[in-house]
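Please read it alongside the sequence and the model.

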Amino acid sequence: MARPTVEDTIAAIATAPGVGGIGIVRISGPEAESILQSLFRRHRRSDSGTEQRAEQPDFLSHRLYYGTVVNRQGAVLDEAMAVLMRAPQSYTREDVVEIQSHGSYPVLQTVLSEVLAAGARLAEPGEFTKRAFLAGRIDLTQAEAVIDLLQAQTSGSARLAMEHLQGSLYSQVNAIRDGLVEMLAVVEVAIDFPDDDVEILETDRLLEQLQGQVQQPLRRLLALAEQGKIIREGVKVVIAGRPNVGKSSLLNSLLCEERALVTDIPGTTRDTIEELISVRGIPVHLVDTAGIRDHDNAVEGLGIERARQKLEQADLVLFVVDAAHALTELDRELYRSLGEKQRLIILNKCDIAEPEQLEAINAEFSREFAYMAGNAVQVQIAAKAGQGIDALLDALYQVVVGTDEGLEELSCAPNLRHTTILQKALAACVQVEQTLVGQEPADLLAVDLQAALDHLADIVGLTTPDDVLDAVFSTFCIGK
């Protein structure tokens, strides 16, 4: 089968599946306007208020029209609104048409079928955005930001995606590239005029420029990558402990709803319960697990085994103990089993615990387990009453981020693809530094500088191979 080309006119349903008031069929390409002309009948209202079919002159760009969508036989498929956005003032910089019909999937599918029959082909995943990239309307980092925005789970991840969509990463990478280009220009002059009496290559100045304009910004971007991963993907937080310490009550308090059953009977939770919450913009995947203990029940045993598996996968453990009673040997065994896993110690039922009991538990953790996981933070709560939950969320944020303020100013964070390329660019810049310090020939220095430039060009899509582009855009939904 022939490879799709940008000369094709493409179409797809641009709204998510499901019931909705409005659904959109999007068309892009050279035949978009003619397809609109063939399928859409404009209507207008007379002075008496009755609707009449209007003449079908050329559509004005970026103007919304009311009418009906018809099939090839002229039968009305649906009432709709339609807009034509002529090139280059459109998302793809091609002629783009959007038909806004009722949101029923059968209606949208019927409209799309007529569009395809009129000469368009079904768009591939991400093909509209890929055309915007190929037309130069956006760079590759902005294209990737589109999918990040579509998949954003919290306001924080949406904000970060929007920063990238507005070009924050592109501008920083471009500034680094400008520094390398300036250096390369000086080196190429030295190569072109090797016999001049004037010393063109000022090694100290080039080293200062390399470190200040190139290496430091590269290292800063790499340092932000881990925080960006947290904002995009979130963290998996597992609630663990022995039975009846209040794990399910804690989950319900964090969710502000009665999601898990809560009883006084040990072993009520037989399976994991997973939910998503946002903690200061960070997606937190909460997992409530079965209480871990010795058992003789096959179903409970499966739940406990699954709980142990989730603990292995956790980024952070909320280890819950019953503060109204002394620590048991099972509490101690479970805590030791966490190994070096990052954790918060949650002292639950503090509203009914005696002060002496709380002091004794705090002292035992401080004395016996201070060596584990960097002297883990202890938080006192009363899950059923909803007390101490805000303090717990603050502590959770600090442990995950490492600071109170770490993500508040974050406006640019590379993803995994960016990070891999930035590491290669930094390695190339280290080689540039070694070449400068070693007083190597200018032509070798030019080769090293060009290698660093090539890596940075990959990030924004100037030299990115087709297979990488295909992999990036294949993660999009059809219609975007």
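Met81 stands opposite Gln100 in β7, and Tyr66 stands opposite Met81 in β6, where two strands count as paired if DSSP finds at least two bridges between them. Strand β6 (residues 76-85) is joined to strand β7 (residues 96-102) by 5 bridges, the two running antiparallel, while strand β5 (residues 64-70) pairs with β6 in the antiparallel sense over 7 bridges. In the hairpin of β5 and β6, which has 5 residues between the strands, Gly74 takes a positive phi near 90 degrees.

## Basis of the description

This is a predicted model, in which local features need pLDDT of at least 70 and side-chain atom pairs count only at pLDDT 80 or more, whereas totals for chains, interfaces and linings use all residues. Residues are numbered from 1 along each chain as its sequence is written, and side-chain values use heavy atoms, with hydrogens and water left out.

## The chain as a whole

The secondary structure of the chain comes to 15 helices and 14 strands; helices (H or I, at least four residues) and strands (E, at least two) are DSSP runs, numbered from the N terminus. Of the 480 residues in the chain, 48% are buried, where buried means under 20% relative accessible area, exposed over 50% and partly exposed in between, with a 1.4 Å probe and protein chains only. Among contacts in the chain with a separation of 6 or more, 69% are accounted for by residues 24 or more positions apart, contact meaning heavy atoms within 4.5 Å.

## The six-stranded sheet

An open sheet of 6 strands, with mixed pairing, has the order β10-β11-β9-β12-β13-β14. Its edges are formed by β10 (273-279) and β14 (378-380), each with a single partner strand, so one side of each is left without a neighbour in the sheet. Neighbouring strands of this sheet are turned by 25 degrees against each other on average, direction ignored; axes are lines fitted to C-alpha atoms, for helices over the stretch in contact, and angles run from 0 to 180 degrees between N-to-C directions.

Strand β9 (residues 235-240) pairs with strand β12 (residues 316-322) in the parallel sense over 4 bridges, and in β12 the bridge partner of Val237 is Leu316. Helix α8 packs on the sheet, touching β9, β10, β11 (282-288), β12 and β13 (343-348), and its direction makes about 150 degrees with that of β11. Helix α10 (residues 329-337) also packs on the sheet, where it touches β12 and β13, and its direction makes about 170 degrees with that of β12.

## Strand β12 and its surroundings

Of the 7 residues of β12, 7 are buried, so this strand is largely enclosed by the rest of the structure. Both faces are covered, with Leu316, Leu318, Val320 and Asp322 buried on one side and Val317, Phe319 and Val321 buried on the other. Val317 is the bridge partner in β12 of Val238. Strands β12 and β13 run parallel and are joined by 6 bridges, with Leu347 of β13 as the bridge partner of Val321.

## Two helix pairs

The axes of helix α8 (residues 247-255) and helix α12 (residues 389-401) come within 11 Å and cross at roughly 85 degrees. These two helices are therefore roughly perpendicular to each other, on a scale that counts angles under 35 degrees as roughly parallel, over 145 as roughly antiparallel, 65 to 115 as roughly perpendicular and the rest as oblique. Leu250, Ser253 and Leu254 of α8 and Ile389, Leu392 and Leu393 of α12 make the contact. By class, the contact of α8 with α12 has 5 nonpolar, 1 polar and no charged residues, where Ala, Val, Leu, Ile, Met, Phe, Trp, Tyr, Cys and Pro count as nonpolar, Asp, Glu, Lys and Arg as charged, and the others, Gly among them, as polar.

For helix α4 (residues 140-150) and helix α15 (residues 466-473), the axes come within 10 Å and cross at roughly 25 degrees, and α4 and α15 are therefore roughly parallel to each other. Their contact is made by Leu140, Ala143 and Glu144 of α4 and Leu469, Val472 and Phe473 of α15, which by class gives 5 nonpolar, no polar and 1 charged residues.
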